[in-house]
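User: I am new to this structure and would like a guided close look at one part of it. Could you pick a helix, show me how it sits against its partners, and then point out a few other places to look?

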Amino acid sequence: MNVTGWRCATCSAELAVSTPMPFRCPDASADNPRHVLQIVHDDAPVKLADNDSIFVAADLQLAWAAYADAHGMSAGDRAALIGELNAAIEAIDGATFVATRFERSAVLSDELGMAAEGGVWVKDETGGVGGSQKARFLFSILLHLRAAERLGHLTERPPLAIASCGNAALAAATLAKAADWPIDVYVPTWMSDGFGDRLDALGARVHRSERRDHDPPGDPAMFRFRDAVAAGAVPFTVQGPENALCLDGGRTLGWEIGTQFPGEHIDRLFVQVGGGAFATAASQGLDAIHGAVPLYAVQAAGCAPLERAWNQSAGVDQVAKVWAEAMTVWDDPASLADGILDDETYDWVGVVEAMRRNGGVPVVASEAKIEEAHRLGRQAGYNVSPTGSAGLAGLLAMRDDIAASENVVVVLSGVTR
Ligand SMILES: Cc1ncc(COP(=O)(O)O)c(C=O)c1O
Ligand SMILES: [Zn+2]
(Lines give C-alpha, C1' and ligand atoms only; values in the text may rest on other atoms or scores of the structure.)
(Ligands and ions follow the chains in the order given, each with its own letter.)
Protein backbone atom coordinates (compact mmCIF):
# COMPACT_ATOMS: atom_id res chain seq x y z
CA MET A 1 0.00 0.00 0.00
CA ASN A 2 1.46 3.37 -0.96
CA VAL A 3 0.21 6.77 0.15
CA THR A 4 -0.55 8.92 -2.87
CA GLY A 5 -2.03 12.09 -1.38
CA TRP A 6 -4.68 13.76 0.74
CA ARG A 7 -8.37 14.49 0.20
CA CYS A 8 -10.69 16.58 2.34
CA ALA A 9 -13.73 14.67 3.65
CA THR A 10 -15.79 17.85 3.57
CA CYS A 11 -14.96 19.68 0.34
CA SER A 12 -12.98 17.02 -1.59
CA ALA A 13 -9.98 19.36 -2.01
CA GLU A 14 -6.93 17.29 -2.97
CA LEU A 15 -3.27 17.69 -2.07
CA ALA A 16 -0.38 15.77 -3.60
CA VAL A 17 1.65 13.63 -1.21
CA SER A 18 4.63 15.89 -2.03
CA THR A 19 2.89 18.91 -0.42
CA PRO A 20 4.90 20.35 2.49
CA MET A 21 2.99 20.92 5.74
CA PRO A 22 -0.32 19.25 4.71
CA PHE A 23 -1.88 20.05 8.06
CA ARG A 24 -5.31 21.47 7.33
CA CYS A 25 -7.57 21.55 4.32
CA PRO A 26 -6.76 24.71 2.32
CA ASP A 27 -10.47 25.61 2.47
CA ALA A 28 -10.68 25.45 6.29
CA SER A 29 -11.04 28.85 7.93
CA ALA A 30 -11.57 30.32 11.38
CA ASP A 31 -15.28 30.60 10.58
CA ASN A 32 -15.52 27.12 9.18
CA PRO A 33 -12.86 24.79 10.60
CA ARG A 34 -15.00 21.73 9.78
CA HIS A 35 -12.69 20.14 7.22
CA VAL A 36 -10.33 17.20 7.58
CA LEU A 37 -7.71 15.85 5.19
CA GLN A 38 -7.78 12.08 4.82
CA ILE A 39 -4.97 9.87 3.54
CA VAL A 40 -5.41 8.58 -0.01
CA HIS A 41 -3.57 5.38 -0.90
CA ASP A 42 -3.56 2.66 -3.53
CA ASP A 43 -5.26 -0.73 -3.07
CA ALA A 44 -2.14 -2.84 -2.58
CA PRO A 45 -1.94 -4.73 0.74
CA VAL A 46 0.10 -3.32 3.64
CA LYS A 47 3.63 -4.73 3.67
CA LEU A 48 5.82 -4.25 6.71
CA ALA A 49 9.56 -4.85 6.45
CA ASP A 50 11.35 -6.74 9.19
CA ASN A 51 12.47 -3.94 11.48
CA ASP A 52 11.98 -3.24 15.21
CA SER A 53 10.67 0.22 14.45
CA ILE A 54 7.23 0.16 12.85
CA PHE A 55 8.01 3.58 11.38
CA VAL A 56 10.98 2.12 9.51
CA ALA A 57 9.09 -1.10 8.69
CA ALA A 58 6.16 0.81 7.16
CA ASP A 59 8.26 3.44 5.36
CA LEU A 60 6.45 4.63 2.20
CA GLN A 61 3.11 3.50 3.57
CA LEU A 62 3.41 6.49 5.87
CA ALA A 63 2.57 9.88 4.37
CA TRP A 64 5.59 11.66 5.90
CA ALA A 65 7.93 9.13 4.22
CA ALA A 66 6.12 9.35 0.88
CA TYR A 67 6.52 13.15 1.06
CA ALA A 68 10.25 12.85 1.79
CA ASP A 69 10.64 10.29 -1.00
CA ALA A 70 8.83 12.53 -3.47
CA HIS A 71 11.55 15.12 -2.88
CA GLY A 72 14.41 12.68 -3.21
CA MET A 73 15.23 11.77 0.40
CA SER A 74 16.55 8.20 0.29
CA ALA A 75 15.26 5.23 2.30
CA GLY A 76 18.54 5.21 4.21
CA ASP A 77 18.19 8.88 5.12
CA ARG A 78 14.60 8.33 6.23
CA ALA A 79 15.60 5.42 8.46
CA ALA A 80 18.49 7.45 9.87
CA LEU A 81 16.14 10.32 10.74
CA ILE A 82 13.87 7.92 12.62
CA GLY A 83 16.86 6.35 14.36
CA GLU A 84 18.24 9.71 15.48
CA LEU A 85 14.93 10.82 16.98
CA ASN A 86 14.29 7.40 18.51
CA ALA A 87 17.62 7.58 20.34
CA ALA A 88 16.90 11.07 21.66
CA ILE A 89 13.39 10.03 22.77
CA GLU A 90 14.71 6.95 24.54
CA ALA A 91 17.25 9.06 26.44
CA ILE A 92 14.43 11.26 27.76
CA ASP A 93 11.59 8.81 28.22
CA GLY A 94 13.11 5.35 28.52
CA ALA A 95 10.70 4.10 25.86
CA THR A 96 11.10 4.30 22.12
CA PHE A 97 9.06 3.48 19.01
CA VAL A 98 9.23 -0.29 18.96
CA ALA A 99 6.12 -2.51 18.95
CA THR A 100 4.26 -2.37 22.24
CA ARG A 101 3.07 -5.56 23.92
CA PHE A 102 0.05 -7.46 22.58
CA GLU A 103 -1.29 -10.51 24.42
CA ARG A 104 -4.34 -12.51 25.42
CA SER A 105 -5.12 -11.54 29.01
CA ALA A 106 -6.02 -14.69 30.92
CA VAL A 107 -7.34 -12.60 33.83
CA LEU A 108 -9.64 -10.46 31.68
CA SER A 109 -10.73 -13.41 29.53
CA ASP A 110 -11.66 -15.41 32.64
CA GLU A 111 -13.33 -12.48 34.39
CA LEU A 112 -15.47 -11.90 31.31
CA GLY A 113 -16.26 -15.59 30.91
CA MET A 114 -14.58 -15.98 27.51
CA ALA A 115 -13.84 -19.47 26.14
CA ALA A 116 -10.36 -20.88 25.48
CA GLU A 117 -10.71 -20.43 21.71
CA GLY A 118 -11.67 -16.78 22.18
CA GLY A 119 -10.61 -14.14 24.65
CA VAL A 120 -9.80 -10.56 25.50
CA TRP A 121 -6.65 -9.40 23.73
CA VAL A 122 -4.82 -6.40 25.11
CA LYS A 123 -2.71 -3.96 23.16
CA ASP A 124 -0.68 -2.45 25.99
CA GLU A 125 0.12 1.14 25.16
CA THR A 126 1.09 1.97 28.75
CA GLY A 127 4.62 0.94 27.70
CA GLY A 128 4.69 3.31 24.73
CA VAL A 129 6.57 6.61 24.50
CA GLY A 130 5.07 8.97 27.12
CA GLY A 131 2.96 6.09 28.53
CA SER A 132 0.20 6.21 25.92
CA GLN A 133 -0.64 5.82 22.24
CA LYS A 134 -0.51 9.60 21.72
CA ALA A 135 3.18 9.80 20.82
CA ARG A 136 2.66 7.69 17.67
CA PHE A 137 0.31 10.30 16.30
CA LEU A 138 2.75 13.11 17.01
CA PHE A 139 5.82 11.27 15.72
CA SER A 140 4.58 11.35 12.12
CA ILE A 141 4.15 15.12 12.43
CA LEU A 142 7.64 15.50 13.87
CA LEU A 143 9.16 13.31 11.15
CA HIS A 144 7.45 15.43 8.50
CA LEU A 145 8.79 18.62 10.11
CA ARG A 146 12.33 17.28 10.34
CA ALA A 147 12.19 16.07 6.75
CA ALA A 148 10.84 19.48 5.68
CA GLU A 149 13.83 21.13 7.37
CA ARG A 150 16.29 18.89 5.57
CA LEU A 151 14.56 19.48 2.26
CA GLY A 152 14.62 23.24 2.73
CA HIS A 153 10.82 23.56 2.93
CA LEU A 154 11.02 24.84 6.49
CA THR A 155 13.76 27.38 7.00
CA GLU A 156 12.99 28.44 10.55
CA ARG A 157 11.41 26.73 13.53
CA PRO A 158 8.03 28.13 14.47
CA PRO A 159 6.99 26.94 17.95
CA LEU A 160 4.93 23.77 18.25
CA ALA A 161 1.50 24.21 19.88
CA ILE A 162 -0.93 21.77 21.49
CA ALA A 163 -4.07 22.03 23.61
CA SER A 164 -4.17 19.20 26.13
CA CYS A 165 -3.87 18.55 29.83
CA GLY A 166 -3.05 14.89 29.64
CA ASN A 167 -1.21 12.19 27.78
CA ALA A 168 -1.06 14.11 24.51
CA ALA A 169 0.68 17.05 26.20
CA LEU A 170 3.23 14.76 27.84
CA ALA A 171 3.93 12.98 24.57
CA ALA A 172 4.20 16.29 22.71
CA ALA A 173 6.58 17.79 25.26
CA THR A 174 8.72 14.64 25.20
CA LEU A 175 9.02 14.66 21.41
CA ALA A 176 9.65 18.41 21.32
CA LYS A 177 12.47 18.04 23.82
CA ALA A 178 13.96 15.17 21.81
CA ALA A 179 13.98 17.39 18.72
CA ASP A 180 15.07 20.46 20.72
CA TRP A 181 12.05 22.34 19.33
CA PRO A 182 10.17 24.95 21.44
CA ILE A 183 6.61 24.02 22.41
CA ASP A 184 3.63 25.87 23.89
CA VAL A 185 1.09 23.75 25.74
CA TYR A 186 -2.39 25.25 26.24
CA VAL A 187 -4.07 23.70 29.27
CA PRO A 188 -7.36 24.26 31.11
CA THR A 189 -7.30 26.30 34.32
CA TRP A 190 -8.08 23.19 36.39
CA MET A 191 -4.94 21.27 35.41
CA SER A 192 -3.12 19.92 38.48
CA ASP A 193 0.14 21.52 39.61
CA GLY A 194 1.85 18.13 39.55
CA PHE A 195 1.13 17.73 35.87
CA GLY A 196 2.35 21.26 35.20
CA ASP A 197 5.60 20.40 36.96
CA ARG A 198 6.16 17.46 34.65
CA LEU A 199 5.57 19.60 31.58
CA ASP A 200 7.94 22.22 33.03
CA ALA A 201 10.59 19.55 33.58
CA LEU A 202 10.33 18.67 29.88
CA GLY A 203 10.95 22.31 29.00
CA ALA A 204 7.43 23.04 27.69
CA ARG A 205 5.94 26.53 28.03
CA VAL A 206 2.60 25.99 29.80
CA HIS A 207 -0.32 28.42 29.35
CA ARG A 208 -3.39 28.15 31.57
CA SER A 209 -6.34 29.12 29.39
CA GLU A 210 -9.19 31.12 30.99
CA ARG A 211 -12.57 31.39 29.30
CA ARG A 212 -12.85 34.87 27.74
CA ASP A 213 -16.01 36.92 27.45
CA HIS A 214 -16.33 36.52 23.68
CA ASP A 215 -15.43 32.83 23.52
CA PRO A 216 -18.09 30.65 21.89
CA PRO A 217 -19.07 27.36 23.60
CA GLY A 218 -16.19 24.87 23.65
CA ASP A 219 -12.79 24.43 25.24
CA PRO A 220 -10.88 27.73 25.90
CA ALA A 221 -7.54 25.88 25.64
CA MET A 222 -8.51 24.92 22.06
CA PHE A 223 -9.28 28.56 21.23
CA ARG A 224 -5.89 29.74 22.53
CA PHE A 225 -4.22 26.92 20.61
CA ARG A 226 -5.99 27.99 17.41
CA ASP A 227 -4.90 31.61 18.04
CA ALA A 228 -1.30 30.42 18.33
CA VAL A 229 -1.58 28.45 15.09
CA ALA A 230 -3.12 31.47 13.34
CA ALA A 231 -0.05 33.42 14.51
CA GLY A 232 2.29 30.88 12.89
CA ALA A 233 2.76 28.03 15.39
CA VAL A 234 2.79 24.43 14.12
CA PRO A 235 -0.33 22.49 15.21
CA PHE A 236 1.41 19.66 17.08
CA THR A 237 -1.79 17.98 18.02
CA VAL A 238 -3.71 14.71 17.98
CA GLN A 239 -6.72 16.13 16.18
CA GLY A 240 -7.03 15.35 12.50
CA PRO A 241 -8.83 18.55 11.45
CA GLU A 242 -5.99 20.59 13.00
CA ASN A 243 -3.19 18.43 11.63
CA ALA A 244 -4.00 15.48 9.39
CA LEU A 245 -0.47 14.11 9.73
CA CYS A 246 -1.38 12.78 13.20
CA LEU A 247 -3.70 10.25 11.56
CA ASP A 248 -0.72 9.02 9.56
CA GLY A 249 1.34 7.72 12.49
CA GLY A 250 -1.77 6.61 14.39
CA ARG A 251 -2.29 3.84 11.86
CA THR A 252 0.84 2.09 13.17
CA LEU A 253 -1.24 0.98 16.16
CA GLY A 254 -3.63 -0.95 13.94
CA TRP A 255 -0.80 -2.38 11.84
CA GLU A 256 0.94 -3.64 14.95
CA ILE A 257 -2.22 -5.30 16.29
CA GLY A 258 -2.91 -6.85 12.89
CA THR A 259 0.54 -8.41 12.65
CA GLN A 260 0.86 -9.40 16.33
CA PHE A 261 -2.45 -11.28 16.56
CA PRO A 262 -1.53 -14.97 16.25
CA GLY A 263 -4.97 -16.31 15.33
CA GLU A 264 -7.09 -16.20 12.23
CA HIS A 265 -9.75 -13.68 12.98
CA ILE A 266 -10.28 -10.66 15.23
CA ASP A 267 -14.01 -10.24 15.85
CA ARG A 268 -14.15 -6.79 17.40
CA LEU A 269 -11.99 -3.78 18.31
CA PHE A 270 -12.94 -1.57 21.26
CA VAL A 271 -11.39 1.89 21.42
CA GLN A 272 -12.05 4.68 23.90
CA VAL A 273 -12.90 7.92 22.12
CA GLY A 274 -12.08 11.46 23.18
CA GLY A 275 -11.29 13.56 20.12
CA GLY A 276 -11.60 10.43 17.94
CA ALA A 277 -8.19 10.40 16.21
CA PHE A 278 -7.25 7.21 18.05
CA ALA A 279 -10.31 5.24 16.91
CA THR A 280 -10.10 6.61 13.37
CA ALA A 281 -6.47 5.70 12.80
CA ALA A 282 -6.32 2.44 14.77
CA SER A 283 -9.35 1.08 12.95
CA GLN A 284 -8.06 2.17 9.56
CA GLY A 285 -4.71 0.48 10.23
CA LEU A 286 -6.23 -2.75 11.51
CA ASP A 287 -8.74 -3.04 8.68
CA ALA A 288 -5.95 -2.55 6.12
CA ILE A 289 -4.24 -5.68 7.43
CA HIS A 290 -7.04 -7.80 8.76
CA GLY A 291 -10.14 -7.02 6.70
CA ALA A 292 -13.09 -5.29 8.29
CA VAL A 293 -12.93 -5.60 12.07
CA PRO A 294 -16.01 -3.97 13.64
CA LEU A 295 -14.99 -0.88 15.62
CA TYR A 296 -16.78 -0.14 18.89
CA ALA A 297 -16.13 3.51 19.68
CA VAL A 298 -16.56 3.89 23.43
CA GLN A 299 -17.51 7.07 25.24
CA ALA A 300 -18.60 7.66 28.84
CA ALA A 301 -22.26 8.41 29.52
CA GLY A 302 -21.12 11.77 30.91
CA CYS A 303 -19.68 12.86 27.55
CA ALA A 304 -21.03 11.12 24.46
CA PRO A 305 -21.20 13.59 21.55
CA LEU A 306 -20.15 10.88 19.08
CA GLU A 307 -23.23 8.72 19.58
CA ARG A 308 -25.38 11.81 19.13
CA ALA A 309 -23.61 12.60 15.85
CA TRP A 310 -23.87 8.96 14.71
CA ASN A 311 -27.65 9.14 15.15
CA GLN A 312 -27.91 12.61 13.60
CA SER A 313 -25.96 11.58 10.51
CA ALA A 314 -27.74 8.25 9.96
CA GLY A 315 -28.70 7.84 6.31
CA VAL A 316 -26.48 10.71 5.13
CA ASP A 317 -24.08 9.52 2.42
CA GLN A 318 -21.22 11.94 2.99
CA VAL A 319 -21.31 12.48 6.75
CA ALA A 320 -18.98 15.49 6.69
CA LYS A 321 -21.72 17.40 4.88
CA VAL A 322 -23.76 17.52 8.12
CA TRP A 323 -20.81 18.27 10.41
CA ALA A 324 -22.20 21.47 11.97
CA GLU A 325 -25.62 19.98 12.73
CA ALA A 326 -24.46 16.52 13.81
CA MET A 327 -21.36 17.23 15.94
CA THR A 328 -22.36 19.69 18.61
CA VAL A 329 -20.62 20.60 21.87
CA TRP A 330 -21.51 18.39 24.86
CA ASP A 331 -22.53 20.44 27.90
CA ASP A 332 -20.73 19.79 31.17
CA PRO A 333 -18.71 16.67 30.35
CA ALA A 334 -18.09 14.52 33.43
CA SER A 335 -16.50 11.12 34.07
CA LEU A 336 -13.74 9.41 36.04
CA ALA A 337 -12.24 8.83 32.56
CA ASP A 338 -11.19 12.47 32.41
CA GLY A 339 -8.91 12.14 29.38
CA ILE A 340 -11.84 11.47 27.04
CA LEU A 341 -13.93 14.44 28.08
CA ASP A 342 -13.44 16.29 24.79
CA ASP A 343 -16.72 18.13 24.44
CA GLU A 344 -16.55 17.63 20.66
CA THR A 345 -15.34 14.52 18.87
CA TYR A 346 -13.09 16.43 16.48
CA ASP A 347 -12.42 13.38 14.31
CA TRP A 348 -16.01 12.15 14.35
CA VAL A 349 -16.15 11.88 10.54
CA GLY A 350 -13.31 9.34 10.52
CA VAL A 351 -14.83 7.34 13.39
CA VAL A 352 -18.31 7.23 11.82
CA GLU A 353 -16.87 6.27 8.42
CA ALA A 354 -14.84 3.48 10.05
CA MET A 355 -17.89 2.06 11.85
CA ARG A 356 -19.97 2.22 8.70
CA ARG A 357 -17.19 0.50 6.76
CA ASN A 358 -16.62 -2.36 9.18
CA GLY A 359 -19.97 -2.80 10.89
CA GLY A 360 -19.23 -1.32 14.29
CA VAL A 361 -21.35 1.00 16.44
CA PRO A 362 -20.75 3.59 19.15
CA VAL A 363 -20.99 2.34 22.74
CA VAL A 364 -21.85 4.51 25.72
CA ALA A 365 -20.51 3.11 29.00
CA SER A 366 -22.08 3.96 32.35
CA GLU A 367 -19.89 5.39 35.07
CA ALA A 368 -20.22 2.08 36.96
CA LYS A 369 -18.73 0.25 33.95
CA ILE A 370 -15.93 2.85 33.64
CA GLU A 371 -15.02 2.17 37.28
CA GLU A 372 -15.31 -1.59 36.95
CA ALA A 373 -13.12 -1.61 33.81
CA HIS A 374 -10.43 0.36 35.61
CA ARG A 375 -10.48 -2.04 38.55
CA LEU A 376 -10.31 -5.06 36.21
CA GLY A 377 -7.56 -3.58 34.05
CA ARG A 378 -5.38 -3.03 37.09
CA GLN A 379 -6.26 -6.44 38.51
CA ALA A 380 -5.08 -7.93 35.22
CA GLY A 381 -1.68 -6.31 35.78
CA TYR A 382 -1.85 -3.18 33.62
CA ASN A 383 -0.82 0.15 35.11
CA VAL A 384 -3.66 1.82 33.27
CA SER A 385 -5.65 5.01 33.95
CA PRO A 386 -9.49 5.16 33.98
CA THR A 387 -9.26 6.94 30.61
CA GLY A 388 -7.06 4.24 29.18
CA SER A 389 -9.34 1.39 30.31
CA ALA A 390 -12.55 3.03 29.04
CA GLY A 391 -12.54 0.85 25.91
CA LEU A 392 -12.78 -2.16 28.21
CA ALA A 393 -15.79 -0.50 29.86
CA GLY A 394 -17.49 -0.61 26.45
CA LEU A 395 -16.72 -4.31 26.19
CA LEU A 396 -18.24 -4.86 29.65
CA ALA A 397 -21.33 -2.94 28.57
CA MET A 398 -21.72 -5.16 25.48
CA ARG A 399 -20.65 -8.45 27.00
CA ASP A 400 -24.10 -10.04 26.70
CA ASP A 401 -24.07 -9.54 22.92
CA ILE A 402 -20.68 -11.21 22.47
CA ALA A 403 -20.11 -14.97 22.11
CA ALA A 404 -17.57 -16.55 24.49
CA SER A 405 -15.64 -17.87 21.49
CA GLU A 406 -14.97 -14.42 20.02
CA ASN A 407 -11.59 -12.74 19.96
CA VAL A 408 -11.96 -9.13 21.01
CA VAL A 409 -9.24 -6.49 21.24
CA VAL A 410 -9.01 -3.62 23.71
CA VAL A 411 -6.27 -1.01 23.90
CA LEU A 412 -5.12 -0.22 27.43
CA SER A 413 -3.26 3.05 27.60
CA GLY A 414 -2.37 6.10 29.69
CA VAL A 415 -0.03 4.86 32.38
CA THR A 416 -0.73 6.05 35.93
CA ARG A 417 2.47 7.31 37.53
C1 LIG B 1 -5.17 6.99 27.38
C2 LIG B 1 -6.03 7.62 26.35
N3 LIG B 1 -6.88 6.84 25.67
C4 LIG B 1 -7.68 7.40 24.74
C5 LIG B 1 -7.70 8.74 24.46
C6 LIG B 1 -8.59 9.25 23.39
O7 LIG B 1 -7.93 9.49 22.20
P8 LIG B 1 -8.58 10.45 21.12
O9 LIG B 1 -8.64 11.81 21.74
O10 LIG B 1 -7.68 10.40 19.94
O11 LIG B 1 -9.95 9.90 20.85
C12 LIG B 1 -6.85 9.55 25.16
C13 LIG B 1 -6.88 11.01 24.86
O14 LIG B 1 -6.56 11.85 25.59
C15 LIG B 1 -5.99 9.00 26.12
O16 LIG B 1 -5.13 9.77 26.81
ZN1 LIG C 1 -11.95 20.89 2.87
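Analyst: Let's start where two helices meet: α10 passes α13 in a left-handed crossing. Please keep in mind that this is a predicted model. The two axes come within 8 Å and cross at roughly 30°. On the α10 side the contact is made by Ala279, Thr280, Ser283, Gln284 and Asp287, and on the α13 side by Gly350, Val351, Ala354, Arg357 and Asn358. By class, these residues divide into three nonpolar, five polar and two charged.

Now look at α10 by itself. This helix covers residues 277-290, and at 1.5 Å a residue its 14 residues should span 20 Å. The end C-alpha atoms of α10 are 20 Å apart, so the expectation and the model agree. Most of α10 is covered, with 13 of its 14 residues buried.

Helix α9, residues 245-260, packs against α10 at an angle of about 45°, with the axes 6 Å apart. Angles under 35 degrees count as roughly parallel and those from 65 to 115 as roughly perpendicular, and α9 and α10 are therefore oblique to each other. Their crossing is right-handed. Among the α9 residues that make the contact are Cys246, Leu247, Gly250, Trp255, Ile257 and Thr259. From α10 the contact includes Ala277, Phe278, Ala281, Leu286, Ile289 and His290. Sorted by class, the residues of the α9 contact are twelve nonpolar, ten polar and one charged.

Some α10 residues turn up in both contacts. Thr280, Ser283 and Gln284 are listed for α10 in its contact with α13 and also in its contact with α9. An α-helix has 3.6 residues a turn, so residues three or four places apart point the same way.

Ala314 lies between α11 (305-312) and α12 (323-326). With 11 other C-beta atoms within 10 Å, Ala314 is exposed, because a residue with 12 or fewer counts as such. Val352, whose number falls within the 348-358 range of α13, is 38 residues from Ala314 in sequence, and their C-alpha atoms are 9.7 Å apart in space.

Next, visit another helix pair. Helix α5 (residues 134-150) and helix α6 (residues 167-179) pack at an angle of about 35°, with their axes 9 Å apart. Here α5 passes α6 in a right-handed crossing. Lys134, Ala135, Leu138, Phe139, Leu142 and Arg146 of α5 meet Asn167, Ala168, Ala171, Ala172, Thr174, Leu175 and Ala179 of α6. This contact has nine nonpolar, two polar and two charged residues.

Gly152 follows α5 and has a positive phi, near 80°.

A strand residue leads on from there. Val234 sits in strand β9, residues 234-235. It is buried, with 23 other C-beta atoms within 10 Å. Leaving aside residues up to four places away in sequence, Val234 touches Leu145, Pro158, Leu160 and Ala161.

Finally, here are two loop residues with a backbone feature to look for. Most residues other than glycine have a negative phi. Ser12 has a positive phi, near 65°, and is found in the loop between β1 (3-8) and β2 (14-16). Ser12 counts as exposed, with 11 C-beta neighbours inside 10 Å. Asp59 also has a positive phi, near 40°, and belongs to the loop between α1 (54-58) and α2 (63-70). Asp59 is buried, however, with 20 other C-beta atoms within 10 Å.

Note on methods:
Residues numbered from 1 in each chain as written. Chains lettered and ligands numbered in written order. Predicted model: local features only at pLDDT ≥ 70, side-chain atom pairs only at ≥ 80, totals over all residues. Helix = DSSP H or I, 4+ residues; strand = E, 2+ residues; numbered from the N terminus. Expected span 1.5 Å × (residues − 1). Axes fitted to C-alpha atoms, helices over the stretch in contact; angles between N-to-C directions. Parallel < 35°, antiparallel > 145°, perpendicular 65-115°, else oblique. Left-handed = near helix turned anticlockwise from the far one by under 90°. Contact = placed C-beta atoms within 7 Å. Nonpolar A, V, L, I, M, F, W, Y, C, P; charged D, E, K, R; others polar.
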